[in-house]
Amino acid sequence: MSENTISPAQAEQRLSSPADDLAMIRELAEEGRMQPLQGGKYLVMWGIISSIGLAFTGLLVSGLLDLPGYSVMIFWGAVSTFGGVMSGRWSKQGQGTTLSESIGSKVEAMVWTIAGVFLSIIAIMLFSMPIYAGPRLEAMGLEYGVLFGMMSPIVFGLYAICLAATSVAGRAPWLRPFVILAFLFSALTMLLIMSYWQFVAAIIGVLATTVVPGLIMLDKNRKAQGQIAQGMT
């Protein structure tokens, strides 16, 4: 080996100085701390919005509300827009804070955002299905209501995945029972498909798997902030 030849070990040392290594270790330690999860208010808000939307849809389907069918899409569009605006405002307020930059908060925000986008696409396609696939559905003998009834089992399946990812990334094992609960409600809403009881089960399930853990997150944040305030005095 010539004098000008650099070994892999020497190249690695040149690429990464001790100061860089210490900075990286400090950053990982900072992000890996057991920071309280920040998505509590999002879960509570979207859980309430979803419950109200399900109640409205159930009342309309049962005939207790005498409104045209397209009012369901208008209603969901209105409440979803409100939720999106509030989520955007809260996200901007939390940018740049230590808590928002933790690994748990980043993963939590990402998985729930992706799930929300997916559910929005599915909902839009289901609502508009009679327009672009009506003749095909009739030819195959498929009933539109059955396909729409699949929305709840899909939603709770996604809730389970998001809660599980949040539990691992945010070091929050207390979320694991809610993962199991989401799977149970996915099965239950499938069992009750094409019945009014499916809406009842879906509302209870949404409250149990989003609002309840969201309130727990908010309580943990409140306690953590109290401990920080005591430490500063």
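Asp 219 and Arg 222 are both located in helix H10 (residues 196-232), 3 residues apart, about one turn of the helix; helices are DSSP runs of H or I with at least four residues, numbered from the N terminus. The model is predicted, with local features requiring pLDDT of at least 70 and side-chain atom pairs pLDDT 80 or more, whereas totals for chains, interfaces and linings use all residues. Residues are numbered from 1 along each chain as its sequence is written, and side-chain values use heavy atoms, leaving out hydrogens and water.

The structure contains 2 salt bridges (a side-chain nitrogen of Lys or Arg within 4 Å of a carboxyl oxygen of Asp or Glu). Asp 219 and Arg 222 are joined by a salt bridge at 2.5 Å, N to O. Asp 219 also pairs with Lys 223, with the closest N and O atoms 3.3 Å apart. Arg 222 is exposed, at 53% relative accessible area, while Asp 219 is partly exposed at 28% (buried, under 20%; exposed, over 50%; partly exposed, in between; 1.4 Å probe, protein chains only).

A nonpolar surface patch of about 600 Å² is formed by Val 117, Ile 121, Ile 124, Met 125, Ile 131 and Tyr 132; patch residues have over 30% relative accessible area and no salt bridge, with nonpolar side chains joined within 5 Å and like charges within 9 Å. Helices H5 (103-127) and H6 (129-140) each supply at least two residues of the patch, and H5 contributes the largest share, 4 residues.

Definitions and conventions. Areas by Shrake-Rupley, 256 points an atom, 1.4 Å probe, with all protein chains shown as cover.
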